[in-house]
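Please keep the sequence and the structure in view while reading.

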Amino acid sequence: MSGSKPGVAIVTGASRGFGRGIAAALTKAGARVTGVARDGGQLAEVRAELGESFTPVTGDAADPALAGQLIDAYRPDLLVLNAGATPLLRPIQRHTWETFGRTWDVDVRHAFGWVREALLAPLAPGSTVITMSSGAALAGSPLSGGYAGAKAAIRFVSAYAADESQRAGLGIRFVSVLPQLTPATELGAAAVAAYAQRAGQDLASYTENMGPALTPEQVGKAIIGLIEAPAPAEGPEAYLLTAGGLRPVP
């Protein structure tokens, strides 16, 4: 579906935040979307909002068996891998290894499992797999344990998969998107508040200094623009996403 309109999509972490915004944008663009999340109640709300074009699936997106089952059942031409754990917001000395590594156990495992299944299936030529990383993969995130490293690993997983697709002639496009920190999601709002406190600033001033906030609606629009644009001729794709739009990451 690279360079074309969206068709059949699976979006993980679709019950809230960026995932919900992406699912809404895709259905509005005419795609049939299967949304995966743990919270069945929130998924039901998304279904009520988006209608029959959205199919809710309650489950653990980090379960590799679920990834294989849904890819086999729906044969998507687009995967948007957005699911992830909410990090514990503490300085490093207040983390245990278990809290530090939570995002590795969930976020990276989730991306790895779905990317692996996309290559093994394989998805049809022209399909696109978008992994949602984070701007923290570039700038770090000292209050969120292993979050920044996990998001950097997701970018590498996407790049490795792009190389394997090219080597095997599969024609599957793999793209990593790195959204900036934003107070417009539940996870982002908690992180912004924690960093404002760490900096000794009031929340309003800290947020204002961050500049325009990236919204779930803007993320959804950016994903539509990305999949409708032709893929570049070479090189792994990674894009920083801010309220100003997408910018290639070297």
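**Salt bridges and packing in a predicted model**

In a salt bridge with an N to O distance of 2.7 Å, the side chain of Arg173 meets that of Glu237. This pair links distant parts of the chain, since Arg173 belongs to strand β6 (residues 173-179) and Glu237 to strand β7 (residues 237-242), 64 residues apart. Arg173 and Glu237 are both buried. The model is a predicted one, and a search of the whole structure finds eight salt bridges in it.

**Salt bridges between helices**

- Arg20 forms a salt bridge with Glu49, and the closest N and O atoms of the two residues are 3.0 Å apart.
- Because Arg20 lies in helix α1 (residues 17-28) and Glu49 in helix α2 (residues 40-50), the pair ties together parts of the chain that are 29 residues apart in sequence.
- Arg20 has a relative accessible area of 24% and is therefore partly exposed, the limit for a buried residue being under 20%.
- A second salt bridge to consider is that of Lys151 with Asp107, in which the closest N and O atoms are 2.9 Å apart.
- Lys151 is located in helix α7 (residues 147-168) and Asp107 in helix α5 (residues 102-120), so this pair ties together parts that are 44 residues apart in sequence.
- Both partners are buried: Lys151 has a relative accessibility of 5%, and Asp107 has a relative accessible area of 1%.

**Packing of α5 against α7**

- The axes of α5 and α7, the helices that carry Asp107 and Lys151, come within 9 Å and cross at roughly 10°.
- Angles under 35 degrees count as roughly parallel, which is why α5 is described as roughly parallel to α7.
- On the α5 side, the residues that make the contact include Asp107, Val108, Ala111, Phe112 and Val115, while those on the α7 side include Ala150, Lys151, Ile154, Val157 and Ala161.

**Strand β4 and its neighbours**

- Strand β4 (residues 78-81) is covered on both faces, with Leu78 and Val80 buried on one side and Leu79 and Leu81 buried on the other.
- Strand β1 (residues 8-12) runs parallel to β4 and is joined to β4 by three bridges, and in this pairing Ile10 stands opposite Leu79.
- Strand β5 (residues 128-132) also pairs with β4 in the parallel sense, over four bridges, and Ile130 of β5 is the bridge partner of Val80.

- A polar atom of the Thr12 side chain lies 2.8 Å from the backbone nitrogen of Asn82.
- The side chain of Thr12 also makes a polar contact with the side chain of His110, at 2.8 Å.
- Leaving aside residues up to four places away in sequence, Thr12 touches Val36, Ala61, Val80, Leu81, Asn82, Ala83, His110 and Trp114.

Technical notes. Residues numbered from 1 in each chain as written. Predicted model: local features only at pLDDT ≥ 70, side-chain atom pairs only at ≥ 80, totals over all residues. Heavy atoms only, no water. Salt bridge = Lys/Arg side-chain N within 4 Å of Asp/Glu carboxyl O. Helix = DSSP H or I, 4+ residues; strand = E, 2+ residues; numbered from the N terminus. Buried < 20%, exposed > 50% of the residue type's maximum accessible area, 1.4 Å probe, protein only. Pairing = 2+ DSSP bridges. Polar contact = N/O pair within 3.5 Å; in protein donor to acceptor, adjacent residues only side chain to side chain. Contact = heavy atoms within 4.5 Å. Axes fitted to C-alpha atoms, helices over the stretch in contact; angles between N-to-C directions. Parallel < 35°, antiparallel > 145°, perpendicular 65-115°, else oblique.
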